[in-house]
Amino acid sequence: MRPSSALLVGFVKLMVGAYARWIGSQPSATQRIYFANHTSHIDTLAIWSALPRSLRSRTRPIAARDYWGKGLRKYIATRGFGAVLIDRAREQADVDPLQPLRAALAAGDSLIIFPEGTRGATSTPARFRSGLYRLAGEFPGVELIPVYLDNLHRSLPKGALLPVPMVCTVRFGAALQLASAEDKDAFLERMRTAVIALSDGRAGT
Amino acid sequence: MMEHLRSIPTEFFWLFGSLVLLLGLSSAVGAVLVRRPGDAKKAASRANLVERINAWWVMVGILAVAFLTGPTMTLVLFALASYFALREFITLTPSHSGDRLPLSLSFFLVLPAQYLLIGLGRYGLFVIFIPVFAFLLLPSIAALRSDIDDFLSRSAKQQWGLMVTVYALSHAPALLMLPIPGEPGRSALLLFYLLLVVQMSDVMQYVFGKLFGRTKIAPVVSPSKTVEGFVGGGLAATGIGAAMWWITPFTPLESAAISAVIVFMGFLGGLTLSAVKRSLGAKDWGVMIEGHGGMLDRTDSICFAAPMFFHIVRYFYT
């Protein structure tokens, strides 16, 4: 592991703990897409830090280019945790924003994505966007792992500058797949429900 | 560094050696026990025992490093313990957005300042910093945000967290700043004495409770605490404490009395923080140390015993 990565993981553990709870799946080098609820800038780092060290180098979080694409943040994102930068704002209208994700999957890497697309105010995820559906269809061999992040919206919510240290858990659920002939809305709602189910009824607070 | 090593009293090495020997013996017994046949319940209870012993090894290792490398390292380690304990407490405490600034300040300003004051030997400011300054100013910051929902209960809970996890716990390493008559390094032995009696009391109460426990003291608050466990374990720990009089400025009789106070306060700490924890709706404070629940589950008795012990020593022996 690079020193910058070790420093980053240490910082995240000190701030929010990021304790992994494997419910229904086990850590494995199988190619996977981890998808989670999104409430805080630490989310990406929390999931990445919760993974065993051996899996981190092949697991790449997706980060928005408009936030992570410049200066120190860019250094942290690309050097620290090997992020795939995604053009959320669609600056170039003719390029499919999913393209860098396909490239990473085709190269055999696992991904961490937030299908809501943006951070919400509560831990209950909003409607999922269609990217997850398209990737699931194009890469049927990749396991889909729902992830629920607890408490991070209290540690560093939208608009906050300083984090409040909190003990946060990262709950990994059982692997899912796109069913044959499943339609987009039904699939996305099923994925969203899988994330909420991991909350133990604690979502929304 | 070398100078610091020379200032460590030789008793310390004897004590540490014996502790390592004792733990080694416990680990050996544990290793034999897990291999013995038995039903699932017995196996789980033995696995729990081994986990507890392993966590003890970790704690003894950390303490050894702290003592051998000097007071600064000891302060840093206790500051980290306070940090993790406060983090557990705040996680379980409901907070509003108006509490964010006072909370961040508690972690990143008040906590380091409290330990810095110990490092600088500023006793006068150390004893009033949190009860006076933090007590008055932190809720004022929250009040400026004019969010009055549950204001008193929110501020009170945060104040409680700060008092227990930072103020009370910091009295343990604060022993290092007491001018104990005799050669230097004597005060470090007092810290060792405090930790040993508190931990022995916890372990002995656990063992006596498992062996003879029948009458529960407060079944709702702490189902594992029994009269038999408390009396048997408490007496055993008091005996161990009394036998350690030679590393302290106390006579054997005084040492027994002071150990009894430590045991009693430790017991109250466990009980009271268990009540706090349950009123916040949790069973364990966190997932910090394997087999020991959270940081606060391990330090609850020290939090209550340390300030009492500190002031007894300061009043009567300096």
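This is a guided tour of a predicted model, stop by stop, with something to select at each one.

Residues are numbered from 1 along each chain as its sequence is written, while chains are lettered from A and ligands numbered from 1 in the order in which they are written. Because the model is predicted, local features need pLDDT of at least 70 and side-chain atom pairs count only at pLDDT 80 or more, whereas totals for chains, interfaces and linings use all residues.

**Stop 1**

Select A:Leu7, which sits in helix H1 of chain A. Helices (H or I, at least four residues) and strands (E, at least two) are DSSP runs, numbered from the N terminus. Is A:Leu7 buried or partly exposed? With 13 other C-beta atoms within 10 Å, A:Leu7 is partly exposed. The scale is this: 20 or more other C-beta atoms within 10 Å of a residue's own make it buried, 12 or fewer make it exposed, and anything in between is partly exposed, with C-beta atoms placed from the backbone.

Next, show helix H2 (residues 43-50) of chain A beside H1(A): their axes come within 10 Å and cross at roughly 105°. Therefore H1(A) is roughly perpendicular to H2(A). On the H1(A) side the contact is made by A:Leu8, A:Val9, A:Val12, A:Lys13 and A:Val16, and on the H2(A) side by A:Leu45, A:Ala46 and A:Ser49. Axes here are lines fitted to C-alpha atoms, for helices over the stretch in contact, and angles run from 0 to 180 degrees between N-to-C directions. Angles under 35 degrees count as roughly parallel, over 145 as roughly antiparallel, 65 to 115 as roughly perpendicular, and the rest as oblique. Two residues are in contact if their C-beta atoms, placed from the backbone, lie within 7 Å.

**Stop 2: two loops in chain A**

Move to A:Ala18, in the loop between helix H1 (3-16) and strand S1 (19-22) of chain A. Its phi is near 50°, a positive value in a residue other than glycine. A:Ala18 counts as buried because it has 24 C-beta neighbours inside 10 Å.

Then pick A:Asn151, in the loop between strand S6 (143-149) and helix H8 (152-155) of chain A. A:Asn151 has a positive phi of about 75° although it is not a glycine. With 19 C-beta neighbours inside 10 Å, A:Asn151 counts as partly exposed.

**Stop 3: a helix pair in chain B**

Select residues 10-35 and 40-69 of chain B, which are helices H2 and H3; their axes come within 10 Å and cross at roughly 160°. That angle is why H2(B) is roughly antiparallel to H3(B). Among the residues that meet are B:Phe12, B:Phe16 and B:Leu19 in H2(B), and B:Trp56, B:Trp57 and B:Phe67 in H3(B).

**Stop 4: helix H7 of chain B**

Helix H7 (residues 151-168) of chain B has 18 residues and reaches 24 Å from its first C-alpha to its last, close to the 26 Å expected at 1.5 Å a residue. The expected span is 1.5 Å times one less than the number of residues. Its buried residues include B:Arg154, B:Lys157, B:Leu162 and B:Tyr167. What covers the buried residues of H7(B) includes helix H4 (71-91), helix H5 (100-119) and helix H12 (295-317) of chain B.

B:Ala156 also lies in H7 of chain B, but is partly exposed, with 13 other C-beta atoms within 10 Å. Its C-alpha atom is separated by 9.4 Å from that of B:Phe135, 21 residues away along the chain.

The contact involves residues including B:Ile130, B:Pro131 and B:Phe135 of H6(B), and B:Leu162, B:Met163 and B:Tyr167 of H7(B).

**Stop 5**

Find B:Asp300 in helix H12 of chain B. B:Asp300 is buried, with 30 other C-beta atoms within 10 Å. Leaving aside neighbours within four places in sequence, B:Asp300 is in contact with B:Gly269, B:Gly270 and B:Leu273.

Helix H11 (residues 252-279) of chain B has 28 residues and reaches 40 Å from its first C-alpha to its last, close to the 40 Å expected. Just after H11(B), B:Gly281 takes a positive phi of about 85°.

**Last stop: the core**

Finally, which residues have the most contacts inside the largest nonpolar core? They are A:Ala46, A:Ile47, A:Val147, B:Leu169, B:Leu194, B:Ala305 and B:Ala306, in a core of 129 residues. The largest share of this core, 13 residues, comes from helix H9 (residues 186-212) of chain B. A nonpolar core is a set of buried Ala, Val, Leu, Ile, Met, Phe, Trp, Tyr and Cys residues joined through C-beta atoms within 7 Å.
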